[in-house]
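This briefing covers one protein model, grouped by topic. The sequence and coordinates come first.

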Amino acid sequence: MQRVIFDFDVISPYAYLAFERLPAALEGVSHHVDYRPLLFAGLLKHFGNTAPVDVAPKKAWLFRQCAWIAERDGVVFRPPLPHPFNPLALLRLLVASVPAGGQPNRHTVELAMRHVWARDGGDANDPDALKALTDAIAPLRDPRSDEVKSELQARTADAAAAGVFGVPFFRLDDGQAFWGQDGVEVLVDVMRKKQGA
């Protein structure tokens with residue numbers, strides 16, 4: 001069984017699309033996915049980069065391309081307003097959904113991703129919607145605790161130290177890394193070849 005580390009931030013439409021694509025893409029490949037939330041803004045700061053949505057023409061293209069990918073893949077895509085938004089509450093909720101050092105399961109990540117990208121295009125930080133999401137996830141720890149905040153910071157720093165420079169990002173145990181929504185196809189090709197070896 002091959003392990004895939006999937007580094008993501010719910011703020012990224014590409015991470016959402018890759019998340020939705022992954023099960024079908026990996027069908028027939030013996031695998032386990034570790035879902036690892038991190039703060040994309042922390043990666044940008046670490047590497048001295050600017051968010052794609054900070055460049056107006058790039059943001060316009062990004063959302064056009066994501067809408068096209070979603071339609072191709074049969075995925076609901078309703079971008080939140082506003083975007084960008086502060087994803088910290090959602091990321092901390094994911095970290096708090098498991099014991100310290102654990103990884104959230106696919107169902108929990110799906111709830112958070114679809115809260116942002118498949119709901120109604122509303123504010124991802126709307127208090128009522130956030131409360132409903134929190135109730136659905138039923139975190140084991142307090143998402144607002146210093147412990148959870150520190151853990152999210154550490155996860156982001158550890159990912160950056162491992163060479164994760166953007167989201168979505170995929171890593172295999174042998175050190176091979178794949179970036180971006182389009183990286184899913186390359187990842188799966190490599191995994192299929194390894195499985196056949």
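**Backbone, sheet and helix packing**

Pro-168 lies in the loop between helix 7 and strand 3; helices (H or I, at least four residues) and strands (E, at least two) are DSSP runs, numbered from the N terminus. The model is predicted, so local features need pLDDT of at least 70 and side-chain atom pairs count only at pLDDT 80 or more, while totals for chains, interfaces and linings use all residues. Residues are numbered from 1 along each chain as its sequence is written, and side-chain values use heavy atoms, with hydrogens and water left out.

**Backbone exceptions**

- Most residues other than glycine have a negative phi, and most peptide bonds are trans.
- Val-167 and Pro-168 are joined by a cis peptide bond, with omega about -5 degrees.
- Another cis peptide bond links Leu-81 to Pro-82, with omega about 5 degrees; Pro-82 is placed in the loop between helix 3 (56–73) and helix 4.
- Ala-138 is not a glycine but has a positive phi of about 50 degrees.
- Ala-138 is in the loop between helix 6 and helix 7 and is partly exposed, with a relative accessible area of 46%. Buried means under 20% relative accessible area, exposed over 50%, and partly exposed in between (1.4 Å probe, protein chains only).

- An open sheet is formed by four strands in the order 2-1-3-4, with mixed pairing. Two strands pair if DSSP finds at least two bridges between them.
- Strand 2 (31–37) and strand 4 (177–179) are the edges; each has a single partner strand, so one side of each has no neighbour in the sheet.
- On average, neighbouring strands of this sheet are turned by 20 degrees against each other, direction ignored. Axes are lines fitted to C-alpha atoms, for helices over the stretch in contact, and angles run from 0 to 180 degrees between N-to-C directions.
- Strand 1 and strand 2 run parallel and are joined by seven bridges, with Val-4 opposite Val-33 in strand 2.
- Strand 1 and strand 3 run antiparallel and are joined by four bridges; Ile-5 is opposite Arg-171 in strand 3.
- Strand 3 (residues 169–172) pairs with strand 4 in the antiparallel sense over three bridges, and Phe-170 is opposite Phe-178 in strand 4.
- Strand 1 is largely enclosed by the rest of the structure, because six of its seven residues are buried.

**Helices**

- Helix 8 (residues 183–196) lies across strand 1 (2–8), strand 2, strand 3 and strand 4, at about 15 degrees to strand 3. Contact means heavy atoms within 4.5 Å.
- The axes of helix 4 (residues 88–96) and helix 7 (residues 146–161) come within 9 Å and cross at roughly 95 degrees. Helix 4 is therefore roughly perpendicular to helix 7 (65 to 115 degrees; under 35 counts as roughly parallel, over 145 as roughly antiparallel and the rest as oblique).
- Helix 4 contributes Leu-88, Leu-91, Arg-92, Val-95 and Ala-96 to this contact, and helix 7 contributes Val-148, Lys-149, Glu-151, Leu-152 and Arg-155.
- The buried residues of helix 4, among them Leu-90, Leu-93 and Leu-94, pack against strand 1, strand 2, helix 5, helix 6 (127–137) and helix 7.

**Thr-108**

- Thr-108 is part of helix 5 (residues 106–117) and counts as buried at 9% relative accessibility.
- Apart from neighbours within four places in sequence, Thr-108 is in contact with Leu-94, Ser-97 and Ile-137.
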